Amino acid sequence: MISLPEPKAETLAKRDAIIAGLRRILPDSGVIADAARLKPYEMDGLTAYRRPPLAVALPETTEQLAAILRFLHQEDVRVIPRGAGTSLSGGALPLADGVVIGMMRMNRILEINYDDRFAVVQAGVTNLGITAAMQADGFFYAPDPSSQLACMIGGNVAMNSGGAHCLKYGVTANNLLGLKIVTMEGDILDIGGAHLDAAGYDWLGLLTGSEGQLAMVSEVTVRILRAAEGQRAMLAAFRSNEIAGACVDRIIGSGIIPVALEFMDRPAIHACEDFAHAGYPLDAEALLIIEVEGSVAEQDDLLGRIRAICDDFDPISCRVSQTAEESAAIWKGRKGAFGAVGRISPDYLCMDGTIPTGQLPLVLRRIGEMSEQYRLKVANIFHAGDGNLHPLIMFDANDPDSFHRAEAFGADILRLCVEVGGCLTGEHGVGVEKRDLMHHQFTATELDQQRAIKTAFDPGWLLNPAKVFPLVAA
Amino acid sequence: MQTHFSAEQLRDSDTAASNTVLRTCVHCGFCTATCPTFVLLGDELDSPRGRIYLIKEMLESGKPATEPVVRHVDRCLSCLSCMTTCPSGVNYMHLVDHARRYIEETYTRPWPERMLRGVLARVLPNPRLFRLALRAAALARPAAGLIPTGTVTGKRMQAMLSLAPTALPSDSPAQRPQVHQAQGVKRGRVALLTGCAQKVLAPRINDATIRLLTRLGIEVVIPPEVGCCGALTHHMGQHDPAMAAARAAIAGWTREIDGAGLDAIIINTSGCGTTVKDYGFMFRDAPEAAQAARVSGLAADISEYLVRIDYQPQRGAPGLTVAYHAACSLQHGQKVTGAPKALLKTAGFTVVEPRDPHLCCGSAGTYNILQPEIAGQLRSRKLANLQERRPDVIAAGNIGCITQLSGSDLPVMHTVELLDWMAGGPQPSGLAAGGS
Amino acid sequence: MAAAVADARAARRPLLVQGFGSKSAMLRPVQADATLSTRNLTGVTLYSPRELVIAARAGTPLDEIEALLHQNGQQLTSEPPDLSALLGSAGGQSWGGIVAANLSGPRRVAWGATRDHVIGIRAINGRGEVIRAGGRVLKNVTGLDLCKLIAGSHGTLGIMTDITMKILPAPAATGALILRGLDAVHGVAALSAGLGSPFGVSGAAFLPAWAADGIPGLGSQTVTVLRIEEFPASVAYRLEQLAGTLARFGKSEILDERTAKRVWTAIRDVTPIRPGAGEAVWHLSTRPSRGPTLLALIEAAGARGFMDWGGGRIWAAGPATPALHDAITHAVWDLGGTFTLMRAPDSLRASVPVVPQEAPPLAGLTRRIKAAMDPDGIFNPGRIYAGL
Ligand SMILES: Cc1cc2nc3c(=O)[nH]c(=O)nc-3n(C[C@H](O)[C@H](O)[C@H](O)COP(=O)(O)OP(=O)(O)OC[C@H]3O[C@@H](n4cnc5c(N)ncnc54)[C@H](O)[C@@H]3O)c2cc1C
Ligand SMILES: Cc1cc2nc3c(=O)[nH]c(=O)nc-3n(C[C@H](O)[C@H](O)[C@H](O)COP(=O)(O)OP(=O)(O)OC[C@H]3O[C@@H](n4cnc5c(N)ncnc54)[C@H](O)[C@@H]3O)c2cc1C
Ligand code: SF4
Ligand code: SF4
């Protein structure tokens, strides 16, 4: 179990004054303070940890956001930034003495510029909302976390989110041009802009993936891309996880970088098929979704090369999508995969370690063994091209013992990832979930160095405290 | 998701069913993005995930519902967009139906609201009362400006008046209980649910349905016992009246099924269709369980049935563009998405769809009366998205949407009216361009 | 190395951090007592072509790494330039140097900057402590991203001893399409149309007549040039499609592969600029559509330049005077963007801002970050900002 800091008594004591202060800045509907209505804000996508906040504030403008932060800074109150609350690491988990600042009302697209290939959006615009606004003109925003329908760009920046198509197009950090941020003191700062590579320190790079530790994001300037002429996905089904893993290795080694290269094992295939009816092969032990782009002839050529490689691994079947609807169904299944596991298990813990791809067969085998040892089922879904694993450990939250086993199982997987040369988290962030595992990846000195950077931005440690860094005894 | 019900609580069948629903939700948040109220209001509490959580807490507590919870559950349109989105298969419909009933049973609303809801629940499902009320409303309409809009009740009164048509169509004898013989070779026999409010507001829809089906060789029976299907009261959480109406309908149809037999129970008001298709669940613990399940199994939206019997047009293509508005109850509630568009195309129309087709128009049964502000915003949004596609006419499969979207420059009609026209029926009034 | 830093810190002796030191005359002059070079930290420590990663010590010559990758059909995605011609130095550059300066070539516009591909570093901070950030896997969001912070910080926050980068297969073929004689505005419009096309343009530059003239084979009119890197059949197909997309800008020509590669190497290495002895060199970045205006403004002030990155990057040279520097930086300020003074005599670079001054709250953060990494200010004092 992860421990959370004691609420500050001073803060709890002046609860009413804090709420009154927030009400002076925001309209009534923008401040939530009654117990019943705070409950639904008590957690994000990691349901194992819950804690109702002191209040929720829902700003509609950057100025309101700055005023709220300035006020809370003055009052020495902790703040928990929140986007759509889809974090799987408890990044948006509240604290009893903290004010959740929800960004979902800041959901406007401010500018789309095709000539200079950027868009300026408020932090509460959903990831898919950006692409939806420009799709008709052939453009898109590349990073595509599976949660892209719901998760917000501010949350994506905070988590440096990745997705299936990041193998080719990079993660959030690689697709940003600028940010408008608000510091804990309430200063509004512009970072970068519509141009590339600002001089000075790389604020953009440092803030991206900082999990709400350094500042709040209010606007984001994203790089947008023209979509390729077309794309098609191939479903290649194999007899074992190891064989599919070896096939991935060979594809990458051959000099082909597909736009996406995704892996699912048997339980995942079945859950997703049940949801999306995409025609996933139910007889397979492991499935690769391989997508290529370009003109029809280019797609054919690439798929031909990939098919030839797959054929060396005795596939059960290889099927290429024939229509846009079919491709959409294939991706709907993959993107709904975590949720779809809800069909076969009431609860899951989603791991997110990354490993060197060469270690895939070993790690998959070890996860299988641990699954037996802990008596918990696991479904494997992951971004195979870059070694980012998502083992979903299935448990039953109404059975505390199964939850404890799930947590121990998860920690074992992550330690294994670090041992083989990988890391604790590839895209979901440390949050509260992996906080206490950080010392497996970093030395005390390294953690102190990171803490010093946090202190430089937020000397009072008011922004999203108790996340990312293991707590130090006060 | 973890729940905290006692064994005692779980012995209640409704609570047990809700527990199953709650346990299926993994709190992923996907549904928030496609929920009309979350998109408009930007608050977790007005999202499906937030409502699910509020309902969970309410049911677990076993205590009477409280105002904050009621407020957010009331704002739910029951459009079921969240169910289409949910990868985990959470049956939000059953959960919110249970919550509405729980609220109705444990919460005392302020009296003006209680009155209004009481009136709506009594009047709307009763065609005779409803017709009277609409006459009165037509008389009252000039006075609408006098109603103060500062209060919720005032706004609701205004909303009600603005929805009432200026001229009430006269009743159509065709929709009274009877058997309409098939023309030519008889290919099938169906029952038609003629509905309650629709019957009064737009008898032309039932007329067109009956004309079209009989022309296609289908015998259409309207059993006398079947009035309102119970959907309206069901969505207001009024369990007993809803069950009574449904029970009567089940009895009527069962008599026909056991008698001359039915190939389908045709529903041309998709809001009702969703409920009739759920009778099996609603009556799962009742003596009528088997009959109810059989009725649900036979229920079909008119568009589903027309595809089944291979609808074909008789006239040449009219050269008109139809913007198809997918009623929530049809697209999310019944998952009927392709059939209406395919039929309209077969009939010779150019079919276009608005941006964000998954978002509700704000009609949602009595919602546009009870939540006029949100409903009004959703209506404007939907109309703008429809107009953007420059259609000649809007088609929808639900009387609620048709009423809600009427009043702009664009004519709004039921899909079946257009299909009937192309198959030899009269040209629907209000259409600018002429057919061939 | 860590011990040397600790000693310097104890003695409060500032250090000039250097790779091969070939370019220590850029940005602001550093007032240091001693030079710490990574020259002896050499060697590739990990190369796994199938996992698309390479790691090497900071002092490894870049040439050596590029040769190794080339043998395996791979490349550094961000195409770091060789600026020896521009900066008047010789002796190659170090692996740490290109990362410390976040130096990227034309491909940056499509595939990201050098620091976008840095996935792990090992560095020594100002306390003489060894700090690792990132790792050797392609996706990693564990903890704050110190890789990005240190990369591009010109050795002011830490000395990198090891760097791991993500690499990609080298394209099987390179093709280029040119349009001659367009003015800058139409040239950039054509580049935008190309970059906004579905054909995966990986380089987009505009060369004024004098610059084109400096690259053998291009002739003496302005040249608007776009690059495609793909499998050979795709290169042919896409160039043809691109020619169609750009037809409204005039008739295009397709260069043979040898010429195409030569042209793009010249653009990458900024060879057309050929700065004279008394001249300064600036690197400017703005939004692409404003490139032509910026170019016109600096030309009016007495500088010359050409555009890369679809119009978003201008390499400029001109007399090393405060007046010209002022004119250029003001133009950048007005249009929105950033500048780096790449080369100038000490007198100029010690007296003017060599990169844009940050707004006060941001400048405060810069000082706090510097203090967090290098509390006693022993690394490259004054390199980027005066007094820091
Ligand atoms: C089913 C499912 C699938 C997922 N798939 C992926 C995937 O493929 N790839 C991936 O990378 N992630 C994935 N995630 C994780 C999650 O969606 C991402 O981390 C996402 O970026 C979170 O965005 P959000 O808007 O929900 O943010 P939240 O969950 O609300 O917050 C996430 C973190 O960001 C901070 N934050 C939010 N907004 C701001 C802001 N404006 N300023 C500063 N800090 C802020 C919060 O404090 C918190 O620490 C998935 C999650 C789910 C439930
Ligand atoms: C936009 C842009 C800006 C540039 N700015 C500069 C500049 O400010 N200064 C400059 O010299 N060149 C600059 N260049 C050129 C570039 O730095 C050199 O071409 C390249 O660094 C040569 O490598 P070197 O080994 O000679 O590096 P050096 O000239 O030895 O070092 C370059 C810079 O990196 C630092 N550095 C070198 N190795 C390490 C290390 N291991 N850890 C930490 N820091 C290290 C140095 O302190 C120095 O600030 C710039 C280029 C571009 C495109
Ligand atoms: S039914 Fe509609 S309004 Fe209600 S929660 Fe679901 S999506 Fe939202
Ligand atoms: S999409 Fe389904 S599983 Fe996810 S939060 Fe909504 S109801 Fe729950």
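**View 1. Polar pairs across the chain B and chain A interface.** In this predicted model, 19 residue pairs with both members at pLDDT 80 or more are in polar contact between chain B and chain A (N or O atoms within 3.5 Å; within protein, one able to donate a hydrogen and the other to accept it, with residues adjacent in sequence counting only if both atoms are side-chain atoms). Helices H2 (13-24), H3 (36-41), H4 (48-61) and H5 (67-74) of chain B each put at least two residues on the side that touches chain A (helices are DSSP runs of H or I, at least four residues, numbered from the N terminus). H4(B) gives the largest share of that side, 5 residues. By type, the side of chain B that touches chain A splits into 15 nonpolar, 14 polar and 6 charged residues (Ala, Val, Leu, Ile, Met, Phe, Trp, Tyr, Cys and Pro are nonpolar, Asp, Glu, Lys and Arg charged, and the others, Gly among them, polar).

**View 2. A salt bridge between B:Glu44 and A:Arg82.** Their closest N and O atoms sit 3.1 Å apart. The count between chain B and chain A is 4 salt bridges (side-chain nitrogen of Lys or Arg within 4 Å of a carboxyl oxygen of Asp or Glu).

**View 3. What chains A and B bury together.** About 2900 Å² is buried between the two chains, 56% of it on carbon and sulfur atoms (accessible area lost on being put together, 1.4 Å probe, summed over both parts). B:Arg23, B:Phe30 and B:Tyr53 supply 20% of what chain B buries against chain A, more than any other three residues.

**View 4. Ligand 1 in a site shared between chains.** Residues from both A and B surround ligand 1, so the site is shared. The shell has 35 residues (a heavy atom within 4 Å), with A:Pro81, A:Gly83, A:Thr86, A:Ser147 and A:Ser161 the closest. Oxygen atoms of ligand 1 lie 2.5 Å from a side-chain N or O atom of A:Ser147, 2.9 Å from a backbone N or O atom of A:Ala84 and 3.1 Å from a polar side-chain atom of A:Asn464. The protein covers 100% of the 970 Å² of accessible area that ligand 1 has on its own (Shrake-Rupley method, 1.4 Å probe).

**View 5. The shell around ligand 3.** Among its residues are B:Cys35, B:Cys76, B:Cys79, B:Cys82 and B:Arg51. H4 and H6 (81-85) of chain B each supply at least two residues, and the shell divides into 9 nonpolar, 2 polar and 1 charged.

**Notes.** Residues are numbered from 1 along each chain as its sequence is written, while chains are lettered from A and ligands numbered from 1 in the order written. Local features need pLDDT of at least 70, side-chain atom pairs pLDDT 80 or more, while totals for chains, interfaces and linings use all residues, and side-chain values use heavy atoms, leaving out hydrogens and water.
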